[in-house]
Amino acid sequence: MHGSLILVVAMMLVKVIGAIYKIPLANILGGDGGGYYSTAYDLYLPIYTLAMGGLPVALSRMVAESVGEARFKDTKALLKIARMSFLVTGLIGTFIMLLLTVPYTNFVAKPGAIYSVLLIAPAILFCCAMSTYRGYYEGLRNMYPTAVSQVIEALGKLVIGLLLAWGVKQYCLNEFERLGTVFGKAVEADAAGTPMRELAEIAAMPYAAAGAVLGVTLGTALGALYTVIHYRITGDKISREEYLNSPPARPMKENFKALICIAVPIVIGSLVTNISSLVDVTIVQKQLDVVVTGSADAIREMYGSSIKAGLADGDISNYLYGCYKMYAYSIYNLVPALTSVFGVSAIPVLATVWSQKNKLEVRSNIEQTVRISSMIALPAGLGIMALSGPILTLLYSGNPEEVAIATPILRILGITAVFAGLTVPITSMLQAIGRVSVPVKNMAVGVVLKIVVNYILVGIPSINVIGAPVGTAVCYGYIFFANIYCLRKYSGVHISFKSTMMKPMISAVICAVSAVLAYSLTAKIISSVKACALTSMAIACLIYLISLILLRGIAKNDLLTLPKGEKIAKTLEKLKWIR
């Protein structure tokens, strides 16, 4: 919990910075620019996963075990192996992405995304370098380097990415207006009477998106630079005496083999998910292209004024996809990103007590991780579902067209966020107890379900892009139930659903209902949608906390691990709010 708290604070800072970045970025790029930006990420993620693999998790687990056994020479040797491995895989990953740039962008019919894909490729190398030290320090139960590097990476992306996106867009607009041309053609307005300015904005989006992506790459470079400098200055706090008194290190081959044996199933699982997700999003985009090509008029009629008048029929699919990924998906992704820190922090602790066969501590760690994850994922997911429209309006009021399209998508993703938010830490715990192949199999089945559902639903004109979040919900719903069953089976811990999930679930339902009621009431008094959204969210959070306390959903052990937790626990015990 101490490590998780550090990562949670960092994650909150990163998400605040991310909101400051994503909100104006979405307003700068819109749905069409967001489509190019998201297309680059869709190719980047599976290649990044392949390059980085499961090495950070494997490194964290092996370092934790070697420290627990006082094998400090092995600890140092593992870092050397990881550095060499990451350098090689980072370079190979970057080269593969550069090689696939043109074929991929042509295949998904997004040639304008080529600049974004090229500029994000070097981020693979920088992320691999950064992950070496993150995994090493996490194994030492020192979460500060991971936390600080995350914040530096986010700040770099914010400052550099926004400046480049805005600057490139303004430069392009000024040049198009000065020359009076778009793509080399003299234009004042198109046949439909769309003004030159709007046409110029559409033409500028591939370049503005590329500017934003370059900010992402430079942000990862800054994060990687910090981790290297931090290690050079502070080291790992393993004393010379501890190092000299530790047993001789195992042969490099043996350590490398052990690292790979743990990493390979994890990377296969991540690869299955990411490659399948790449196939999935490619199917979503291709199906959208098919639907728009065959039913463009019906799609325009369905969304009405939400589809910009200057968009050609061929650009509508990119625009809808941008609304899905840039607006709705980025909010949904906050939940699993936040709960993932509990999984990261649980791995070294759980791996240590598991190797020591301490059944009592294994049970305590598993139940505490599930309970804390539930306390976050359940109210966040149901709250997003309840206030999808107001949340989007609060964040992206400058783009009402995109908000209108993204609202029903986010409503479905709210339910998905619950499953995804709980799945991530459970997957990490299965990896910590040595069952690294189990999540792989469950992920593979879930992703196949996702692909099938998306192919069918997105291909129906009356559903189109709204089918994409449905497939994601089916995928994570299956993975969650399969993973929780496997965790109970292989750990031997019969998790108490009443204390870990039931009480947070009841409180979360009360929270969501109160959010809807509060928004309806405040809307009658306050005319501002933003003010209503903020007020209703604050009321819902307060009611959730009160209901959780009244239901005794917070355990004393959870509080004791927090700063000043003993005093808080004593106060709540006196009030009989905890046992």
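Helices here are DSSP runs of H or I at least four residues in length, numbered from the N terminus. With that in hand, let's begin at Leu164, which is found in helix α6, spanning residues 144-179. Keep in mind throughout that this is a predicted model. Is Leu164 buried, exposed or partly exposed? Buried stands for under 20% relative accessible area and exposed for over 50%, with partly exposed in between. Leu164 has a relative accessibility of 27%, so it counts as partly exposed. Leaving aside residues up to four places away in sequence, Leu164 touches Gly211, Leu214 and Gly215. Tyr207 is 43 residues away from Leu164 in sequence, yet the two are 9.7 Å apart in space, C-alpha to C-alpha.

Now step back and look at the whole protein. You can find 20 helices and 2 strands in it. Of its 579 residues, 55% are buried. Think next about contacts between residues with a separation of 6 or more: 82% of these in the protein come from residues 24 or more positions apart.

What sits inside? The largest nonpolar core has 141 residues, and those touching the most other members are Leu25, Leu29, Tyr37, Tyr44, Met97 and Ile366. Which helix gives the most to this core? Helix α1, residues 2-52, does, with 16 residues. Apart from this core lies another one, of 6 residues, including Cys172, Ala200, Ala203 and Ala204. Not counting residues up to four places away in sequence, Tyr44 touches Met97, Ile120, Ala123, Ile124 and Cys127.

Let's turn to how helices pack against one another, starting with α2 (residues 55-68) and α3. Their axes come within 8 Å and cross at roughly 170°. Angles over 145 degrees count as roughly antiparallel, and therefore α2 is roughly antiparallel to α3. On the α2 side, the residues that meet α3 are Leu55, Pro56, Leu59, Met62, Val63, Ser66 and Val67. Their partners in α3 are Phe72, Asp74, Thr75, Leu78, Ala82, Ser85 and Phe86. By class, the residues of this contact divide into 10 nonpolar, 3 polar and 1 charged. Met62 of α2 is buried, with a relative accessible area of 7%. Between Met62 and Asp74, 12 residues apart along the chain, the C-alpha atoms are separated by 9.1 Å.

Helix α3 (residues 72-107) also pairs with helix α5 (residues 123-139), and here the axes come within 8 Å and cross at roughly 160°. Helices α3 and α5 are therefore roughly antiparallel to each other. Their crossing is right-handed. The contact of α3 with α5 has 11 nonpolar, 7 polar and 2 charged residues.

Further along the chain, a few single residues are worth a visit. Gln287 lies in helix α9, which covers residues 252-303. Gln287 is buried, with a relative accessible area of 12%. Setting aside residues up to four places away in sequence, Gln287 touches Tyr455, Val458 and Gly459.

Ser330 belongs to helix α10, residues 313-332. With a relative accessible area of 18%, Ser330 is buried too, because the cut-off for buried is under 20%. The C-alpha atoms of Ser330 and Leu410 are 9.6 Å apart in space, while the two residues are 80 apart in sequence.

Leu410 turns up again around another serine, Ser388. Where is Ser388 placed? Its place is in helix α13, residues 388-395. Ser388 is buried, with a relative accessible area of 1%. Besides Leu410, Ser388 touches Thr407 and Arg411, not counting residues up to four places away in sequence.

Our last stop is a loop. Asn464 lies between α15 (437-458) and α16 (467-491). Asn464 is buried, with a relative accessible area of 0%. Phi of Asn464, however, is near 40°, a positive value in a residue other than glycine.

Conventions:
Residues numbered from 1 in each chain as written. Predicted model: local features only at pLDDT ≥ 70, side-chain atom pairs only at ≥ 80, totals over all residues. Heavy atoms only, no water. Core = buried A, V, L, I, M, F, W, Y, C linked by side-chain atoms within 4.5 Å. Buried < 20%, exposed > 50% of the residue type's maximum accessible area, 1.4 Å probe, protein only. Contact = heavy atoms within 4.5 Å. Axes fitted to C-alpha atoms, helices over the stretch in contact; angles between N-to-C directions. Parallel < 35°, antiparallel > 145°, perpendicular 65-115°, else oblique. Left-handed = near helix turned anticlockwise from the far one by under 90°. Nonpolar A, V, L, I, M, F, W, Y, C, P; charged D, E, K, R; others polar.
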